[in-house]
Amino acid sequence: MARSGKPGRAMLRIWQIGLLLLVFLFWHVMTKPGLVPPFMFDNDRQAAFFFGEPLRVLERIWAWFVTDADIYRHLAVTLAETVMAFGIGAIAGLACGLWLALSPTASAILEPYVKAANAMPRIILAPIFAVWFGLGMGSKVALGVTLVFFIVFFNVYQGVREVSPVVLANARMLGASARQLLRHVYLPSATSWVFSSLHTSVGLAFVGAVVGEYLGSSQGVGYLILQAEGTFDINTVMAGILVLTAFALLLDAAVGRIERRLMTWHPKAGETEKL
Amino acid sequence: MAEGEAPAIRLRDVACTFVSPDAPEQRYTAVADVGLTVGAGEFVSVVGPTGCGKSTLLNVAAGLLEPSRGDVEIFGERLAGINRRAGYMFQADSLMPWRTAQANVLAGLQFRGVPEAEARERADAWLRRVGLGGFGDRYPHQMSGGMRKRTSLAQTLVLDPDIILMDEPFSALDIQTRQLMENELLELWQSKRKAVLFITHDLDEAIAMSDRVVVLSAGPASHPIGEFTIDIPRPRDVAEVKSTPRFLELHAAIWRVLRDEVLEGYRQQLQARA
């Protein structure tokens, strides 16, 4: 049989949503005070205190988006930080990657420093950035940039060094000057590597923004979570996490769409046209 | 071409020694004492056992590789840097994978600053000429090996080079596609009369296409050990010509010289592996 074992697309979606509902149901049953006799905690309110209640969490999200409509400002801040961190980090990584890959001397001198900077747990820079750039968006962008930069940098560096020597020789024989080689061979080859790391680097830009907010800020979704945590409002913390997750998924889908548009030339494994 | 005009390519006493970057004392002399001339409008093939430095010679003629000794003259002028009058068709895939067939073909024109519209037009004309009229918007990974080779051919010839360097351009193709492309190439060459330096390991192909066949010795330090003028009348059909008596005679004569070198090259490879 042609379609044995694997469920169809619609069926798959139903199963996926069903699983989500099941998880929420389990969560609800286990935390609703008075529904199940307490077997791990001293009284029936403690489960809700530690794990939150899904209905309250959803209420919170509803309030954020509809009744109070006050989350958009925070979302916009987080998104702006993510986009800026990604943009600056990607461009800086691209430029440095190109430069070091094309200049063997510079790359030989800087190699240990690049390795050290990459090995360092860069999240720890967040307090320093907060001192340098203040508690506004600047410090979050800076943290995201340090995360994105190295991903893009290493990919571009690798990409440029792995440009096929035949393609390069061919371009030279076709009369490309050093500048044209950079523009028409190295850059396209390097950008393909940037795009192949796009999902990772956008994800890290997002992590940088949220972690930065969480460590000290006056706006953003990370700030909302921090605030709620300060008052032991576990429902709001959970709501913030859910919103961030959904947001990250949307961001990832957007990246996938951009990638598909810009990478049409890239061969995909087993690509055939579906009829 | 007028009598007495300088040849398209002249290699004089060329030697290429490669030094391993990790172990400077390890040297390998690929070719030595090579004298080779390709007249304007002449089709010359170089055959030899595998690993004898055929591609090295081509890279020297292209200006991609500077010889350790000897000099290279292109139409009587000493070659320094890239050979601007030559087009090079590589053995491996050389198309830019991020460009469509059309964009690949017009790359050379673009590098030379030809206006966009004109470049596009000339590229399309060449794509039609190599039988890829409707495939201009395909990316290399969407084309078959034969189509990629045709695109490479168009990419090289659209620049109308005076010299065409070809490094086993059809070796990766199946036999039918190969004969088709060989005939196409001969037809194009016949109408334009460019100087061609054609590297191949296939003696049949060399004889069927060329005016002259040069046999290289086995490496290291390989050098020409025989030269044969192919006096089979043109125009030729590469498939038909292979059954003519003159072809068989020439084949036997060249093979007598080549056989010992092939055996020698094979023996060396076995030794190197042991």
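**Domains, fold and interface of the predicted model**

In chain A, the centres of domain 1 and domain 2, taken over C-alpha atoms, are separated by 36 Å. Domain 1 spans 9-50 and domain 2 spans 72-262, with bounds from an automatic or database domain assignment. The structure is a predicted model, in which local features need pLDDT of at least 70, side-chain atom pairs count only at pLDDT 80 or more, and totals for chains, interfaces and linings use all residues. Residues are numbered from 1 along each chain as its sequence is written, while chains are lettered from A and ligands numbered from 1 in the order in which they are written.

Turning to chain B, its secondary structure comprises 8 helices and 10 strands (DSSP runs of H or I with at least four residues, and of E with at least two, numbered from the N terminus). Its C-alpha atoms fill a box of roughly 55 × 50 × 45 Å along the principal axes. Of the 274 residues in chain B, 42% are buried, that is, 20 or more other C-beta atoms, placed from the backbone, lie within 10 Å of their own. Among contacts in chain B with a separation of 6 or more, 70% join residues 24 or more positions apart; a contact requires C-beta atoms, placed from the backbone, within 7 Å.

Where the chains meet, chain B contributes 20 residues and chain A 16 residues. On the side of chain B that touches chain A, β6 (86-89) and α3 (107-111) each supply at least two residues, and the largest share, 3 residues, belongs to α3(B).

Terms used:
Contact = placed C-beta atoms within 7 Å. Buried ≥ 20, exposed ≤ 12 C-beta atoms within 10 Å, placed from the backbone.
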